[in-house]
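Let us walk through this structure step by step. We begin with the ligand, move on to the core, and end with confidence.

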Amino acid sequence: MLPAASGWQSNGHPGVSGPVKVRRGRLEELRRWRETVKLPPDFFEDLTHELQWFYLGFWNEEIAHIQWIADGERPCTVSNLVLQPGEVEIRNVHTLAKFRRKHLYSHVVAFAINDLQSSGIKTIYAHVNTGNKASLNGFLAAGFRSIERITTRRVLGVDWIKHEILLGSAQRM
Ligand SMILES: CC(C)(COP(=O)(O)OP(=O)(O)OC[C@H]1O[C@@H](n2cnc3c(N)ncnc32)[C@H](O)[C@@H]1OP(=O)(O)O)[C@@H](O)C(=O)NCCC(=O)NCCS
């Protein structure tokens, strides 16, 4: 669980080069892309989880990256976090495989953080599988910091969830 360091700002990742474009997405545009390009499930969060706020990254005008924003109106990806006013979660971050390691994620998340801060958002959370090095390193590189480790185990059909606070605190049920 990683909130952005407060006041963190960027005009883009320093390593970004090449034909990257970033913008806040509109559903009509995303629907058009889905009709023409085969996209993975992370590009369908409006249909699966009723999310509407997202950012798109393009490489040479081709759709290449998406990341979604959820606020307190939507269930969080972890059950013990209740997002308060001024807090959001970045989720379902995805760079299409052929565009990875081109700093698309870095560029889009920097844009998203600036845009979210301009919209009055004070804290941004993300939840990352600790085995997902690309995602974990990407969020840390973007200025996020780890505040909690959540371990889930299923024993005889029962889920056991362990929370370890690493830093700071978050609003919980
Ligand atoms: C995670 C993901 C979004 C990163 O997208 P990306 O556009 O390739 O990332 P970037 O090129 O902007 O890289 C940003 C930073 O992330 C880290 N990173 C990215 N890919 C990495 C990899 N394969 N291994 C280690 N670190 C990696 C690096 O720190 C990198 O910065 P650097 O290249 O300057 O060192 C992409 O790998 C992806 O879509 N994965 C599948 C979906 C997924 O796992 N989503 C996350 C769910 S929480």
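This is a predicted model. Start at the ligand and look at the kinds of residue around it. The shell holds six nonpolar, ten polar and four charged residues.

Which residues come nearest to the ligand? Out of 20 around it, they are Thr95, Arg100, Tyr105, Ala134 and Gly138. Now find the elements behind the shell. Strand β4 (87-95) supplies at least two of its residues, and so do α3 (104-118) and α4 (133-141). The biggest share comes from α4, with six residues.

Next, turn to the core. The largest nonpolar core has 34 residues. Phe54, Tyr55, Val108, Val109 and Ala112 have the most contacts inside this core. Several elements give two or more residues to the core: β1 (20-24), β2 (53-59), β3 (62-70), β4, α3 and β5 (123-125). Among these, α3 gives the most, with nine residues. Take a closer look at Ala112. Leaving out residues up to four places away in sequence, Ala112 touches Tyr55, Gln67 and Ile90.

The protein chain has a mean pLDDT of 86, and 86% of its residues reach 70 or more. Among its elements, helix α1 (residues 27-36) has the highest mean, 98. Strand β7 (residues 158-165) has the lowest, 85. Residues 4-13 need care. Their pLDDT stays under 50, and the model has 20 contacts for them beyond four places in sequence. Where pLDDT is low, predicted coordinates should not be read in detail.

Definitions and conventions: Residues are numbered from 1 along each chain as its sequence is written. This is a predicted model: local features need pLDDT of at least 70, side-chain atom pairs count only at pLDDT 80 or more; totals for chains, interfaces and linings use all residues. A residue is near a molecule or strand if its C-beta atom, placed from the backbone, lies within 6 Å of it. Helices (H or I, at least four residues) and strands (E, at least two) are DSSP runs, numbered from the N terminus. Ala, Val, Leu, Ile, Met, Phe, Trp, Tyr, Cys and Pro count as nonpolar, Asp, Glu, Lys and Arg as charged, and the others, Gly among them, as polar. A nonpolar core is a set of buried Ala, Val, Leu, Ile, Met, Phe, Trp, Tyr and Cys residues joined through C-beta atoms within 7 Å. A residue is buried if 20 or more other C-beta atoms lie within 10 Å of its own, exposed if 12 or fewer, and partly exposed in between; C-beta atoms are placed from the backbone. Two residues are in contact if their C-beta atoms, placed from the backbone, lie within 7 Å. pLDDT is the predictor's confidence in each residue, from 0 to 100.
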